[in-house]
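Grab a pencil and work through these exercises with the structure open beside you. Try each task on your own before reading the solution.

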Amino acid sequence: MAAKSVLNINEEQLAFYWAIGLTITQWAHVEHALFQVVYRAFGNSENRGLAGGFFSIENFRSKLAFVDRVAAASKEFEPFYAEWAKLRDDVRALSSRRNELAHSQVMVFLSAPEGRRYAIVPLFGPKPSKKHNPQHPPPGSICVRDIDLTRLRFSKAFVRLTSLCCRIDGHEDLFAEHAQQEPKAQSLGELKRQIHAMSGQPAQSSDE
């Protein structure tokens with residue numbers, strides 16, 4: 001007797017694009033948190049020009065370099081710079097993932113196992129081996145659980161940046177515990193329950 005599937009093809013499509021939307025939105029939160037860091041490195045000055053300049057920088061790595069240079073030059077920021085430098089490097093690494101999500105192509109593999117039927121396929125990913133099934137996503141593809149895990153990693157970066165800002169301000173750091181938690185990939189069943197909760201419909205077993 002064939003095992004019941006967790007996600008049918010329609011549920012997987014919804015979960016896939018839902019995860020992409022949440023992940024890209026979470027990255028926007030990361031960029032806004034970076035502005036909060038540079039704002040404090042400027043000494044919390046009321047500077048509309050700073051906001052205009054920061055958000056006019058289109059390339060993310062240029063934004064990050066701008067924040068880093070301001071932080072390095074700020075005496076007020078000096079006690080926090082070592083922590084910022086580690087966070088800066090982690091965020092820079094995450095930006096490559098954001099680029100993959102935003103600039104790669106989506107492909108559908110109907111014969112692939114559930115959870116891998118929709119995939120973001122990087123244009124310059126690893127070359128498939130001769131044994132690779134062309135009806136399955138090639139190596140380096142980003143599928144629904146990978147996207148959701150990326151969302152959680154972006155969320156952690158946002159929390160860490162916000163935690164840093166709290167301590168720079170001398171406020172109680174309400175984000176410290178969450179900033180230390182390591183993101184864990186959700187199961188297909190958990191993703192299924194989330195999209196059904198979003199639609200207001202109960203999640204049931206799904207046979208193809």
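**Exercise 1. Find out how far apart the side chains of D90 and K86 come in their salt bridge, and where the two residues sit in this predicted model.**

Step 1: Look at the side chains. D90 and K86 meet in a salt bridge, with 2.8 Å from N to O. The cut-off for a salt bridge is 4 Å, so this pair qualifies.

Step 2: Look for a network. Salt bridges with shared partners tie D68, R88, D89 and R92 together.

**Exercise 2. Work out which parts of the chain the salt bridge between D68 and R88 links, and whether its two residues are buried or exposed.**

Step 1: Start with the distance. The closest N and O atoms of D68 and R88 are 3.0 Å apart.

Step 2: Locate the partners. D68 is in helix α3 and R88 in helix α4, 20 residues apart, so the pair links distant parts of the chain.

Step 3: Apply the cut-off, which is under 20% for buried. D68 has 16% relative accessibility, so it counts as buried. R88 comes in at 14%, so R88 is buried as well.

**Exercise 3. Describe helix α4 by its length, its buried residues and what covers them.**

Step 1: Get the length. Helix α4 runs over residues 81-103, which is 23 residues, and spans 32 Å from first C-alpha to last. That is close to the 33 Å expected at 1.5 Å a residue.

Step 2: List what is tucked away. The buried residues of α4 are W84, A85, L87, R88, V91, L94, S95 and L101.

Step 3: Find the cover. Among the elements over these buried residues are α1, α3, β2 and α5.

**Exercise 4. Locate the two ends of the salt bridge between D169 and R40, and say how exposed each one is.**

Step 1: Read off the distance. The side chains of D169 and R40 meet at 2.9 Å, N to O.

Step 2: Trace the chain. D169 lies in the loop between α5 and α6, while R40 is in helix α1, 129 residues away.

Step 3: Compare the two ends. D169 is partly exposed at 27%, whereas R40 counts as buried at 14%.

Step 4: Zoom out. The whole structure has 13 salt bridges.

**Exercise 5. Decide how α1 and helix α7 are oriented relative to each other, and which residues make the contact.**

Step 1: Take the geometry. The two helices pack at an angle of about 85 degrees, with axes 10 Å apart.

Step 2: Classify the angle. Values from 65 to 115 count as roughly perpendicular, so α1 is roughly perpendicular to α7.

Step 3: Name the contact. From α1 come E11, L14, A15 and W18, and from α7 come L191, K192, Q194, I195, H196 and M198.

Notes:
Residues are numbered from 1 along each chain as its sequence is written. This is a predicted model: local features need pLDDT of at least 70, side-chain atom pairs count only at pLDDT 80 or more; totals for chains, interfaces and linings use all residues. Side-chain values use heavy atoms; hydrogens and water are left out. Helices (H or I, at least four residues) and strands (E, at least two) are DSSP runs, numbered from the N terminus. The expected span of a helix is 1.5 Å times one less than its number of residues. Buried means under 20% relative accessible area, exposed over 50%, partly exposed in between (1.4 Å probe, protein chains only). Contact means heavy atoms within 4.5 Å. Axes are lines fitted to C-alpha atoms, for helices over the stretch in contact, and angles run from 0 to 180 degrees between N-to-C directions. Angles under 35 degrees count as roughly parallel, over 145 as roughly antiparallel, 65 to 115 as roughly perpendicular and the rest as oblique.
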